[in-house]
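Have a look at the chain before reading on.

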Amino acid sequence: MVEEQTQLAEPARIYMEGQQADEEQGNPENNSLHQPLLKRNLTLSSSPLALVGAKVSHIESLDYEINENDVFKQDWRSRSKVQVLQYIFLKWKLAFLVGLLTGVIATLINLAIENIAGYKLLVVAKYIEEESYLAGFIYFTTANFLLTLVASALCVCFAPTAAGPGIPEIKAYLNGVDTPNMFGATTLMVKIVGSIGAVSAGLDLGKEGPLVHIGACLASLLGQGGPDNYRIKWRWLRYFNNDRDRRDLITCGSSSGVCAAFRSPVGGVLFALEEVATWWRSALLWRTFFSTAVVVVVLRLSMEYCKSGSCGLFGQGGLILFDVSDVSLRYHVVDIIPVALIGVIGGVLGSLYNYLLHKVLRLYNLINEKGKLHKLLLSLTVSLFTSACLYGLPFLANCTPCDPSLQEACPTTGRVGNFKQFNCPTGHYNDLATLLHTTNDDAVRHIFSTNTPTEFQYFSLTIFFALYCILGLFTFGIAVPSGLFLPIILMGSAYGRMLGIAMGDYTKIDQGLYAVLGAASLMAGSMRMTVSLCVIFLELTNNLLLLPITMLVLLIAKTVGDCFNPSIYEIILDLKGLPFLDAHPEPWMRNITVGELADVKPPVVTLRGIEKVGRIVDVLRNTTHNGFPVVDDREVPVGSQAIGERELHGLVLRAHLVLLLKKKWFLQERRRTEEWEVREKFTSIDLAERRVNLEEVAVAKNEMEMYVDLHPLTNTTAYTVVETMSVAKALVLFREVGLRHMLVLPKFQGSGVSPVVGILTRQDLRAHNILSAFPHLEKAKGRKKGQ
């Protein structure tokens, strides 16, 4: 049920549909920099719209809860030990395939980027060596322009969901939000080609975020047997035809993507655990670790093969690894002060970066909503500006004479080397050109270089830091696949190295290690990750002695950043309108009960265990609910006073009701069906299918008076809470278990009392929706802040 509207711009008004068909809200509201990208509905029972790719889509929740109806129980009982072992084996096999394919694709992406960008830079270096500066600028700008054009055109025209990093949408999916078209085959192909083009064009973005999205796409496609239109119907894939197993595979894919980006298997697992996954268990931990181990093996084999020179310009570069294990790291108590200062600076700058990027993304939304051409022009404008800065700014730097004691070649005129000659005379090098006329991976490798205290001048590092702050703000958000990791690493390492130079003889810590700490602090200040970042940087630098001070920097940076605003991914989730449920409920949620939430919602729509076909059709046509409580008359002994009491049998899903109508499983009289009748008509594969729409089902007039037995398809173990439970407690339960519906039961049951008070969904538990229905909670919240 994906209801897609044209881009945000085209309707400067959006009509939000409630769960009742006759409830609409259509006040026109122009979008501005101070308004949310999506208009909020002021009713509790709102139907969420979110920005996915370039379109506003109707967002639904996923069924992570096991639907324990009669069909499921029969299928579970009928499984033999061999089938159970087969299911377990296939889980590991798919985890292996996810790691293998992610590693192979990551290698191909790195291979393509290093060769495309490498040959481009070699030609530019030749023009500069011949002092043909204008020709070199034209070639450099044109090549970057064409590469950006390819990447942006693919995203704009074929797969808008491939733009950006994809990590916020993965977080939302693993939280229980169905993000349409995020993991399709077209998105995967555009993400791969677009990442190669965008990174090769020298834009201030990385391939790390896109690799996470690529891993998730591979996992999703493997689990469902391929693209939607060409899905493989193998029998063994039926085990994975559910949201629950698909979630586990996508978790493996996201951890494999991080591992492929940083060659960090443990960091990849911890990234999935700390940042993207909402639900975790030990079995999933083992499978994600297995996937990342496969990725590392593939990357290692590919690098060993390419060292022989068989991969063109792809040698030791391309896969980020900054080995500083040869540095004898010594630090004392006095070094705590500059290390803590780096953490504070990282927290302040990280939160400032989040704030400014938030404003830039709103501005870009106003531009992008004007149409595809404006998206393309925005990307190309950023490319031209980036090319002009990268080519022209090194001319501002002074030439530095080479140190005769250096063991490395100085100066260098090729693609690699720590001392680029650029426009300098023989025996001199341009330190700013060393950082700007190279790939982003090599730029980080240069700035992390150790035992080179005089390599970079303070003026050059200042220009580099200012440039990448500007480019980092204005590059993210254009219509190309982009990652945030590398731009933040470049910015952080610049001010880290600058602080190392400023410390001079006060500290014994190498300037390259200050750059590492600066990068870690800015990432923690912006992304608010700690454990996974710590392990990733340890695996990147291959130096365990960095552990204590890295931990200190990360903790300080995250603490300082949390004082100002949320993490960058949370900001993007909110901008897109994705209904992500936070791990920690608001304190004021203890002051309101789920019964009070149910009271402000429209009356709950219930069905009987044996219901008329006409009633089911009417309910499906006139509501947008995805779950309906099934209520039966309670059987009481003869002579009992409890006449007229009803009991809750369970919950039936909308998709299953549509399936009943499609299969025309109708009865001439009101009766319960036998077990053999159910087995004859339905399988667990049928119930896993969610793509059947009511419009595709035709019900004759004479069939409207017939009956349907809903008992076999009703989930009899739906999660229920008493109406007196606090919203805070209900939110924790809803999120941790991965629910789609939560039934609210009355505290007292008896004759004339409905056995179910209401149904709470994800949207009902979101803070802004609750505050819109209960404004007094907002006032109480404000008073507490003022005290």
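Is cysteine 424 buried or exposed? Its relative accessibility is 6%, so cysteine 424 counts as buried; buried means under 20% relative accessible area, exposed over 50%, and partly exposed in between, using a 1.4 Å probe and protein chains only.

## Ground rules

This is a predicted model, so local features need pLDDT of at least 70 and side-chain atom pairs count only at pLDDT 80 or more, while totals for chains, interfaces and linings use all residues. Residues are numbered from 1 along each chain as its sequence is written, and side-chain values use heavy atoms, with hydrogens and water left out.

## Disulfides

Searching the whole structure turns up three disulfides, a disulfide being a pair of cysteine sulfur atoms within 2.5 Å. Number the bonded cysteines in sequence order and the pairing reads 1-2, 3-6, 4-5.

Back to cysteine 424: its partner is cysteine 399, with the sulfurs 2.1 Å apart. The S-S torsion of cysteine 399 and cysteine 424 is about -90 degrees, so this disulfide is left-handed. The pair ties together distant parts of the chain, 25 residues apart: cysteine 399 lies in the loop between helix 11 (372–392) and strand 7 (400–401), and cysteine 424 in the loop between strand 7 and strand 8 (428–429). Helices (H or I, at least four residues) and strands (E, at least two) are DSSP runs, numbered from the N terminus. While cysteine 424 is buried, cysteine 399 comes out as partly exposed at 30% relative accessibility.

## The other two bridges

Cysteine 402 bonds to cysteine 410, S to S 2.0 Å, and the torsion there is about -80 degrees, so that one is left-handed. Cysteine 402 is buried at 17% relative accessibility, whereas cysteine 410 is partly exposed at 22%.

Cysteine 306 and cysteine 311 form another disulfide, S to S 2.1 Å. Both of these cysteines are buried, and with a torsion of about -75 degrees about the S-S bond, the disulfide is left-handed.

Two further cysteines are worth a glance. Cysteine 389 is buried at 13% relative accessibility, while cysteine 563 is exposed, with a relative accessible area of 62%.

## Helix 7 against helix 8

Two packed helices are described by the angle between their axes and the distance between the axes. For helix 7 (residues 243–262) and helix 8 (residues 265–276), that's about 130 degrees and 7 Å. Axes here are lines fitted to C-alpha atoms, for helices over the stretch in contact, and angles run from 0 to 180 degrees between N-to-C directions. The two helices are therefore oblique to each other: under 35 degrees counts as roughly parallel, over 145 as roughly antiparallel, 65 to 115 as roughly perpendicular, and the rest as oblique.

Who makes the contact, meaning heavy atoms within 4.5 Å? Helix 7 brings Thr251, Ser254, Ser255, Val258 and Cys259, and helix 8 brings Pro265, Gly267, Gly268, Val269, Phe271, Ala272 and Val276.

## Phenylalanine 465

Phenylalanine 465 sits in helix 14 (residues 458–475) and is buried, with a relative accessible area of 18%. Leaving out residues up to four places away in sequence, phenylalanine 465 touches Leu349, Met491, Ala494, Tyr495 and Met498.

Note on methods: Contact = heavy atoms within 4.5 Å.
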